[in-house]
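Here is a short report on one protein model. Look at the structure first, then read on.

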Amino acid sequence: MRRLVLILVPYLWLIALFLIPFVIVVKISLSDVALARPPYFPQLDLTAGWAGIRTFFSELDFENFTFLTTDDLYWKAYLSSLKIAAISTALTLLIGYPIAYGMASARPEWRATLMMLVILPFWTSFLIRVYSWIGILSQGGLLNTFLLWLGVIDQPLTILNTEIAVYIGIVYTYLPFMILPIYANLEKLDGALIEAAEDLGCSRTSAFWLVTIPLSKSGIIAGCFLVFIPAIGEFVIPSLLGGSQTLMIGKVLYEEFFSNRDWPVASAVAVVLLVILIVPIILFQRNEQKNREASQ
Amino acid sequence: MRRMSGFNIVSLTFGLAFLYLPMLILVIYSFNASKLVTVWAGFSTRWYGELLRNEAFLDAALVTLKVGVISSTLATVLGTMAAFLLVRLGRFSGRTLFSGMIYAPLVMPDVITGLALLLLFIGIDMDRGVTTIVLAHTTFAMCYVSVVVSSRLSSFDTSLEEAALDLGCTPWSAFRLVTLPIIAPAVISGWLLAFTLSLDDLVIASFTAGPSSTTLPMKIFSAVRLGVSPEINALSTLMIGVVAFGVVIFSILSKRNTALKLQEERDAVDGRT
Amino acid sequence: MPQTVFAPWENPDEKPLIQFRNVTKKFGDFTAIANLDLDIYAQEFFALLGPSGCGKTTLMRMLAGFEMPTSGKILLGGEDIAAVPPNKRPVNMMFQSYALFPHLSVWDNVAFGLKREGRDKSEIETRVSDMIRLTRLEKFARRKPHQLSGGQRQRVALARSLAKAPKLLLLDEPLGALDRKLREETQFELMDIQEKTGTTFVIVTHDQEEAMTVASRVAVMDEGRLVQVSTPDRIYENPNSVYVADFIGDVNIIEGSANQTGDKVLVNWAEGHSPLVATTAAVLQKDQTCYLAIRPEKIAITAEQPDAANVVQGEILDIGYLGNISTYHVKLPSGHVIKAQSANTRRIARRSFTWEDKVWLSWSDTAAILLER
């Protein structure tokens with residue numbers, strides 16, 4: 001009896017508040033926009049029995065998905081999201097790997113503190129961390145003032161409201177996600193392996209490329225996915241730092257829903273986004289699975 | 001790993017500076033008398049005063065705290081149950097679906113989760129407000145809690161529970177007296193994680209909130225969309241301060257705890273009591 | 001001296017391959033190696049033996065190039081190698097943990113060092129397959145390290161470190177991770193491979209049996225100093241100190257005061273007992289404190305009082321039955337407990353002694369080693 005309660009409560013909760021909502025999203029993505037409340041058509045009329053269900057299904061179609069392919073706003077937004085996510089993942093890796101490497105080479109008594117320092121920003125508000133860059137990157141912001149003072153530039157750069165600002169925002173907020181898995185990998189790395197490589201004729205640099213990098217591969221992959229996957233659907237960063245020119249699918253979805261009130265198209269955008277995300281998610285799961293097996 | 005070369009020191013210094021400088025700047029400029037970011041017009045706590053007089057912010061903060069406490073508590077209970085399901089029950093029908101539903105929200109973009117929940121609430125004609133935000137936050141936060149708790153639970157020695165049963169405990173009292181105290185640190189950090197996620201969330205709350213239930217992130221978002229605002233700087237400083245204070249207290253406590261434990265172990269080995 | 005026996009250290013014309021000249025190594029305040037001088041000759045199988053923390057691993061890591069001496073010189077073939085980084089030294093090391101690259105196959109692990117030298121593909125192929133054949137790994141060449149047993153991993157590590165044909169091979173506790181039976185087999189394999197390749201081996205171990213079995217010479221170390229460097233049989237039969245006698249094999253140590261007449265020494269060791277007799281080449285002062293080291297197998301145990309240079313009576317306290325031999329712990333009236341061993345030539349049912357039996361222990365005047373420290 002108790003066992004049943006234990007199973008049923010979280011199970012039913014997730015079905016009601018996670019699974020069913022997605023079924024609804026899929027259903028609405030197949031409906032048509034209507035000037036009604038709720039603003040889509042058809043409505044499922046259960047009072048009409050079987051006939052009602054049959055008419056309901058016959059009214060569903062893929063029109064919204066066709067629409068997504070015809071209006072270039074959408075596929076451009078998907079492509080630009082993928083591009084921004086990929087570039088910022090690469091940048092995060094470039095910045096995060098040396099930090100993780102530095103942490104792993106630090107003396108053991110320092111590592112816990114360094115780890116805490118990397119995690120700490122994660123506990124402060126995401127929104128505030130993104131916001132903090134507005135004052136730095138704006139035309140009259142601190143970065144421009146500083147560069148002008150240094151004499152590196154003689155005219156303020158436009159960084160805020162460009163894709164560059166979005167890259168900076170993503171790298172900044174997701175950096176801990178890249179550092180931690182790589183650090184976990186490097187920390188376990190047996191120092192004797194590096195010594196063995198040097199003993200067998202490697203210079204420090206070639207030992208790094210031939211031993212350290214391949215052995216931290218799974219951490220690198222995990223870190224990249226942990227940045228790439230959420231970056232694709234990111235909303236806050238492009239809307240605060242990206243300005244109107246930066247096209248990202250999370251922002252398009254939000255605007256489609258709240259500004260245009262086109263629920264069926266918004267749902268279709270969401271369904272396609274999910275389909276796009278499935279591939280990296282499955283690859284990520286595979287990598288995690290492999291790591292678990294390797295560590296056993 | 002061993003050597004600490006100059007390169008490592010440089011990369012660590014720059015990395016940490018990158019992580020902390022923006023926040024530090026925010027804190028400094030929250031004490032700026034001027035409204036402009038670049039102009040330093042002297043030290044002032046003016047913006048803190050204005051912030052405290054701004055009732056809209058105070059209301060939003062209250063809503064956020066309320067949502068945070070209720071949803072993270074619910075999420076902790078549900079997430080712990082889910083963790084037991086995942087770790088202890090082995091194979092049951094629908095396990096794959098269940099673990100899928102636990103892991104999917106972790107990688108789901110907020111916009112999709114928010115949209116889906118909103119469509120559900122509209123579909124069942126539920127009035128949007130604090131309740132709907134709580135339901136939404138509980139749902140995604142319980143998944144995080146269950147991941148945290150189940151990692152602790154999978155390393156838990158089940159013979160401890162069996163010993164408790166053997167000594168006359170009922171299953172429930174064995175859970176309460178043996179299992180729960182041992183997994184408590186994971187449950188607590190699960191709660192903290194859920195609470196932080198709830199305080200942090202903008203997108204899902206924007207979808208599921210009603211007109212009378214604006215949360216603090218929503219308020220901040222609408223304020224900063226138009227650019228830097230000194231009041232938000234002050235608010236950010238307060239929030240950063242609370243987190244920093246909490247972390248410092250927590251690390252001091254846990255350090256003292258481990259030191260105490262070590263000392264006790266040493267005494268025990270030496271045969272002192 | 002005819003060169004049938006391999007003993008370059010006895011030939012003053014022979015040039016050592018490795019020379020430690022007054023080498024000191026400090027880690028902060030801790031002195032790991034103190035003013036050490038040591039010569040190791042080409043084609044030797046040299047063992048560094050000592051308890052953990054005695055500095056033997058530091059000594060080896062200085063040879064490999066992972067540690068620099070704080071002062072003093074290390075010469076390899078007459079040249080100072082202090083400035084040569086590990087990757088440029090003609091020295092290879094077999095690591096205690098084996099340090100096999102987990103992402104590479106057995107073949108690629110063995111080929112790793114050769115590829116760094118930028119040799120021809122075909123040359124590498126031949127060399128790697130030679131090494132793999134030498135270590136009998138043909139069947140496992142395509143496997144990854146985690147798919148191998150402990151003994152196989154050990155052989156991969158050996159093949160990898162031998163592949164570059166180093167002048168000197170360093171082995172850090174090479175058999176420590178293997179179980180006893182495998183260890184014994186592998187010891188002979190190691191000796192065989194050392195002989196076949198003609199490489200100079202320096203092995204670090206804390207296992208005295210292992211050092212005795214494989215090595216041409218053994219250096220016993222303690223607290224950063226060399227206590228004795230000699231061949232295994234001399235280390236065993238002629239230890240130069242109580243420390244060495246105690247570290248190598250089983251031994252009874254009896255403390256007493258010396259009374260020398262010629263090469264005979266009478267050792268007064270207990271009130272009311274007649275002195276024990278030993279021989280020595282050293283000159284001792286009258287009543288100098290000295291130690292008698294007697295190996296248990298050199299002590300005879302009998303029921304009747306025998307006629308021997310040294311005879312004491314006692315009561316059997318304990319019997320350690322080891323199958324081929326038995327060790328008897330005999331308590332003397334003076335309180336000393338003496339270990340004596342005898343071979344079990346008879347079946348156990350007819351064993352002659354049991355607990356609490358009064359027995360006689362006896363040994364000749366040349367059986368005991370007289371030590372001054």
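How many residue pairs are in polar contact between chain A and chain B? The count is nine residue pairs, with both residues at pLDDT 80 or more. That confidence value is used here because the model is predicted.

**Where chains A and B meet**

In chain A, 85 residues are in contact with 79 residues of chain B. Together the two chains bury about 7500 Å². Carbon and sulfur atoms carry 81% of that area. Helix α1 of chain A (residues 2–29) gives the largest share of the side of chain A that touches chain B, with 21 residues. That side of chain A holds 63 nonpolar, 15 polar and seven charged residues.

**A sheet in chain C**

Chain C has an open sheet of six strands with mixed pairing. Its order is β6-β7-β8-β3-β9-β10. Strands β6 (91–94) and β10 (225–230) of chain C stand at the edges. Each has a single partner strand, so one side of each lacks a neighbour in the sheet. From one strand to the next, the twist averages 20 degrees.

Strands β3 (residues 45–49) and β9 (residues 217–222) of chain C run parallel, joined by four bridges. Within β9(C), R217(C) is the bridge partner of F46(C).

| Helix | Strands | Angle |
|---|---|---|
| α4 of chain C (residues 150–163) | touches β6, β7 and β8 of chain C | about 175 degrees with β6(C) |
| α5 of chain C (residues 180–197) | lies across β3, β7 and β8 of chain C | about 135 degrees to β3(C) |

How values were computed: Residues numbered from 1 in each chain as written. Chains lettered and ligands numbered in written order. Predicted model: local features only at pLDDT ≥ 70, side-chain atom pairs only at ≥ 80, totals over all residues. Heavy atoms only, no water. Pairing = 2+ DSSP bridges. Helix = DSSP H or I, 4+ residues; strand = E, 2+ residues; numbered from the N terminus. Axes fitted to C-alpha atoms, helices over the stretch in contact; angles between N-to-C directions. Contact = heavy atoms within 4.5 Å. Buried area = accessible area lost by both parts, 1.4 Å probe. Polar contact = N/O pair within 3.5 Å; in protein donor to acceptor, adjacent residues only side chain to side chain. Nonpolar A, V, L, I, M, F, W, Y, C, P; charged D, E, K, R; others polar.
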